[in-house]
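I would like to walk slowly through one model with you, so please look at the picture as we go.

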Amino acid sequence: MTASRARMPEPQRSPQPLDRNGKRLQANRQPVKNKNVKRLPRTDSFPLPAWLKLLMSAQKMSIAMTVLLTISVFVIYGWTVYAQEQWNQQYKKLEQLKRQERQLTTAEGSFDNDMLRSVQKKPGELVRERPEQSIFLQAAPLRPKREVPATVSELPKTKQNESLGY
């Protein structure tokens, strides 16, 4: 590919720029000012009418309000979609818990039924409870009373409804 480029002659560039008609411009030549073209006066030179200022400020305010309303619409839409998704997940969880509850109720019923059948087949395996077989636990010893501080500032501040035993 480099060999083919070496064979092609490079295009000749004109040393001076061309104007619209294809004529070469002179480097010293200044552009001609058209005397028929009038410049508009600067806005600093004459004040704007009050109604135009009011319209311009209303336009700026409406643009700002449009941006704020658009952002708020997107936020509300996002919150709605998020809340709906959360509700769907919680509803699925609730349905799963209901299904597990039904399965546990069924399993409990079948366990009770199996136990009753086994008792009916072999009634001698179950023994009635007797008081001699019961285990009684002794109560824990009472705790010693805590000393009450002499000054009010040393009293610990506790909630009124808080239980002192726990």
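Let me begin with a question: how many salt bridges does the structure hold? The answer is one, and please keep in mind throughout that what we have here is a predicted model. In that salt bridge the side chain of arginine 130 meets the side chain of glutamate 132, with 3.4 Å from N to O. If we ask how open the two partners are, glutamate 132 counts as exposed because its relative accessible area is 62% and the cut-off for that word is over 50%. Arginine 130, on the other hand, has a relative accessible area of 43%, and so it is described as partly exposed.

Let me step back to the whole chain. It has two helices and zero strands, and of its 166 residues, 0% count as buried. The chain exposes about 18,600 Å², and 59% of that area is supplied by carbon and sulfur atoms.

Now to helix 2, which covers residues 50-121. Isoleucine 71 lies in this helix, and with a relative accessible area of 48% this isoleucine is partly exposed. Isoleucine 71 also takes part in a nonpolar surface patch of about 360 Å², which is made together with Ile63, Val67 and Val75.

My last topic is aromatic rings. A pair of aromatic rings is described by two things, namely the distance of the centres and the angle of the planes. The structure holds one aromatic pair. It is formed by tryptophan 87 and tyrosine 91, whose ring centres are 5.2 Å apart and whose planes stand at 10°, so the pair is stacked. As for accessibility, tyrosine 91 is partly exposed, since its relative accessible area is 40%.

To close, I would ask you to find on the picture the salt bridge between arginine 130 and glutamate 132, and then the stacked rings of tryptophan 87 and tyrosine 91.

How values were computed: Residues numbered from 1 in each chain as written. Predicted model: local features only at pLDDT ≥ 70, side-chain atom pairs only at ≥ 80, totals over all residues. Heavy atoms only, no water. Patch = residues over 30% accessible without salt bridge, like charges linked within 9 Å, V, L, I, M, F, W, Y side chains within 5 Å. Areas by Shrake-Rupley, 256 points an atom, 1.4 Å probe, with all protein chains shown as cover. Salt bridge = Lys/Arg side-chain N within 4 Å of Asp/Glu carboxyl O. Helix = DSSP H or I, 4+ residues; strand = E, 2+ residues; numbered from the N terminus. Buried < 20%, exposed > 50% of the residue type's maximum accessible area, 1.4 Å probe, protein only. Phe/Tyr/Trp six-rings, centres within 6.5 Å; stacked < 30°, edge-to-face > 60°.
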